[in-house]
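Open the model in your viewer and keep the selection tool ready. We will go from the whole chain down to single side chains.

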Amino acid sequence: MVQASLIISGIACISSLIFGILTAASRFRKTSRDESSSLTTVIVKLENIGCDIIEIKGDISYIKSEVNKLRERVVKVEESAKQAHKRIDEVIRQLNYEKDN
C-alpha cells in the first residue's frame with residue numbers, strides 16, 4: 001500500500017512538472033507573439049512618424065521660400081514708399097514756395 005501511494009505521488013509529481021513546463025512554454029510562446037505584435041506596431045508607427053517628418057520638412061522649405069519672397073517684396077515696397085515720401089516732400093516744398101512768392 002505504501003508503495004502504491006509512493007508511485008501515485010511520484011506520477012502526480014512528474015505529471016505536475018510536465019504540465020508546469022508545458023504551461024510555461026505556452027506562456028513564453030504567447031508572450032513572444034504579443035511582443036512581436038507590439039514591436040511590429042511600434043515599427044509601423046515610427047515609419048509613419050518618419051513620413052510625417054519628411055512632409056513637415058517639405059512644408060517648412062516651402063514656407064521659407066515664401067517668406068524670402070515676401071521679404072523681397074517688403075523691401076521693394078519700403079523703397080517705393082521712401083521715394084514717394086521724397087516726392088511728396090518736394091511737392092509740399094514747391095507749394096509752400098509758391099505761397100510765399
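Here is a short tour, stop by stop.

**Stop 1: the whole chain**

Remember that this is a predicted model. Show the chain as a cartoon. You will find 1 helix and 0 strands. The radius of gyration is 43 Å, while the globule rule gives 13 Å for 101 residues, so the chain is more spread out than a compact globule. Now turn the model and look along its principal axes. The C-alpha atoms fill a box of roughly 145 × 20 × 10 Å.

**Stop 2: the surface**

How much of the chain counts as buried? The share is 0% of the 101 residues. The chain exposes about 9500 Å². Carbon and sulfur atoms supply 64% of that area.

**Stop 3**

Select Ser 15. This residue is found in helix α1. Ser 15 has 28% relative accessibility, so it counts as partly exposed. How far apart are Ser 15 and Glu 72 in space? The distance is 85 Å, and the two residues are 57 residues apart in sequence.

**Stop 4: a nonpolar patch**

Select Ile 14, Ile 18, Phe 19 and Leu 22. Together these residues make a nonpolar surface patch of about 430 Å². Pick out Ile 18, which is found in helix α1. Its relative accessible area is 44%, so Ile 18 is partly exposed.

**Stop 5: the charges**

Colour the charged side chains. There are 16 positive and 14 negative charges in the chain. Side chains of opposite charge can pair when their charged atoms come close. How many salt bridges does the count give? It comes to 2. Visit each in turn.

**Stop 6: Lys 69 and Glu 66**

Select Lys 69 and Glu 66 and show their side chains. They meet in a salt bridge, at 3.6 Å from N to O. Why look along the helix here? Lys 69 and Glu 66 are 3 residues apart in helix α1 (residues 2–100), so about one helical turn separates them. Next, check the cover. Lys 69 is partly exposed, with a relative accessible area of 46%. Glu 66 is also partly exposed, at 27%.

**Stop 7: Glu 90 and Arg 93**

Move on to Glu 90 and Arg 93. These two form a salt bridge, and their closest N and O atoms are 2.9 Å apart. Both lie in helix α1, 3 residues apart, so about one helical turn separates Glu 90 from Arg 93. Is Arg 93 buried or exposed? Arg 93 is exposed, because its relative accessible area is 51% and the cut-off for exposed is over 50%. Glu 90 counts as partly exposed, at 37% relative accessibility.

Note on methods:
Residues numbered from 1 in each chain as written. Predicted model: local features only at pLDDT ≥ 70, side-chain atom pairs only at ≥ 80, totals over all residues. Heavy atoms only, no water. Salt bridge = Lys/Arg side-chain N within 4 Å of Asp/Glu carboxyl O. Helix = DSSP H or I, 4+ residues; strand = E, 2+ residues; numbered from the N terminus. Buried < 20%, exposed > 50% of the residue type's maximum accessible area, 1.4 Å probe, protein only. Patch = residues over 30% accessible without salt bridge, like charges linked within 9 Å, V, L, I, M, F, W, Y side chains within 5 Å. Areas by Shrake-Rupley, 256 points an atom, 1.4 Å probe, with all protein chains shown as cover. Rg over C-alpha atoms; globule rule 2.2 N^0.38 Å. Lys, Arg positive; Asp, Glu negative; His and termini not counted. Charge placed at Lys NZ, Arg CZ, Asp CG, Glu CD.
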